[in-house]
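Please look over the aromatic side chains in this entry with me.

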Amino acid sequence: MKEKLVRWKFYFDKDKEEQWLNEMAAKGWSMKSFLAGRYTFEQTQQGEYFYQVELLPRNVKEKAEYLHFLEHEMGVELVQEWGFWIFLRKKASEGAFELYTDATSKAEHYRKISHLFFAVAGLEFLIGLSEMLVWTTQEKSEFLILAVILYALGLVFLRQGIRFQKKQKELER
């Protein structure tokens, strides 16, 4: 029976997350599943896999075609799908694993990620505003607390969107 390892981490930067997953794989711990910050690993050979974290296409048909292409044309395994994100791995013995090999495609990928973060931040701010409006009419502290939490989350997502936008701009130069 393979040993199992559980780690709790929260990443908002897919590049740092990929780096950490690849470091874990180099130590012989390959990601088996993910759910809301909970990573489960199984013990494998050191460096057996390379990992990538990818933003999925929104269109269901495009998503299915993309996953089929990755599996059948690139030999990539889908480890976990979570929300808009997928965790992918490829056997290291099959060579390097990089989905975006040129600056233009990588910049486009970062643009999509920044737009996702900006959309989520906007949603957090809108819901927070509605909670503030409810608080002003009902004066219940739980609405104010929720609004503050939503605004804080909105700022986190906004910050990440700006970070990925900067990465995009650097690649476009």
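**Notes on the aromatic rings**

1. A search of the whole structure returns 14 aromatic pairs, and it should be kept in mind throughout that the model is predicted.

2. Among these pairs is the one between Tyr11 and Trp20, whose geometry is tilted, with 5.9 Å centre to centre and 35° between the planes. Tyr11 is partly exposed, its relative accessible area being 26%, whereas Trp20 counts as buried because its relative accessibility is 9%, under the 20% cut-off.

3. Trp20 also pairs with Tyr39, here in an edge-to-face arrangement with the centres at 4.9 Å and an angle of 75° between the planes. Since Trp20 belongs to helix H1 (residues 14-26) and Tyr39 to strand E3 (residues 38-43), the pair ties together parts that are 19 residues apart in sequence. Tyr39, with a relative accessibility of 1%, likewise counts as buried.

4. Which residues do ring pairs link into a cluster? The cluster consists of Tyr11, Trp20, Phe34, Tyr39, Phe41, Trp82 and Phe87, and the two pairs described above, Tyr11 with Trp20 and Trp20 with Tyr39, can be read in that context.

5. A further point concerns a charged side chain: Arg89 lies over the face of Tyr49, at 4.0 Å from the ring centre.

Technical notes
Residues numbered from 1 in each chain as written. Predicted model: local features only at pLDDT ≥ 70, side-chain atom pairs only at ≥ 80, totals over all residues. Heavy atoms only, no water. Phe/Tyr/Trp six-rings, centres within 6.5 Å; stacked < 30°, edge-to-face > 60°. Buried < 20%, exposed > 50% of the residue type's maximum accessible area, 1.4 Å probe, protein only. Helix = DSSP H or I, 4+ residues; strand = E, 2+ residues; numbered from the N terminus. Lys NZ or Arg CZ within 6 Å of the ring centre and 35° of its normal.
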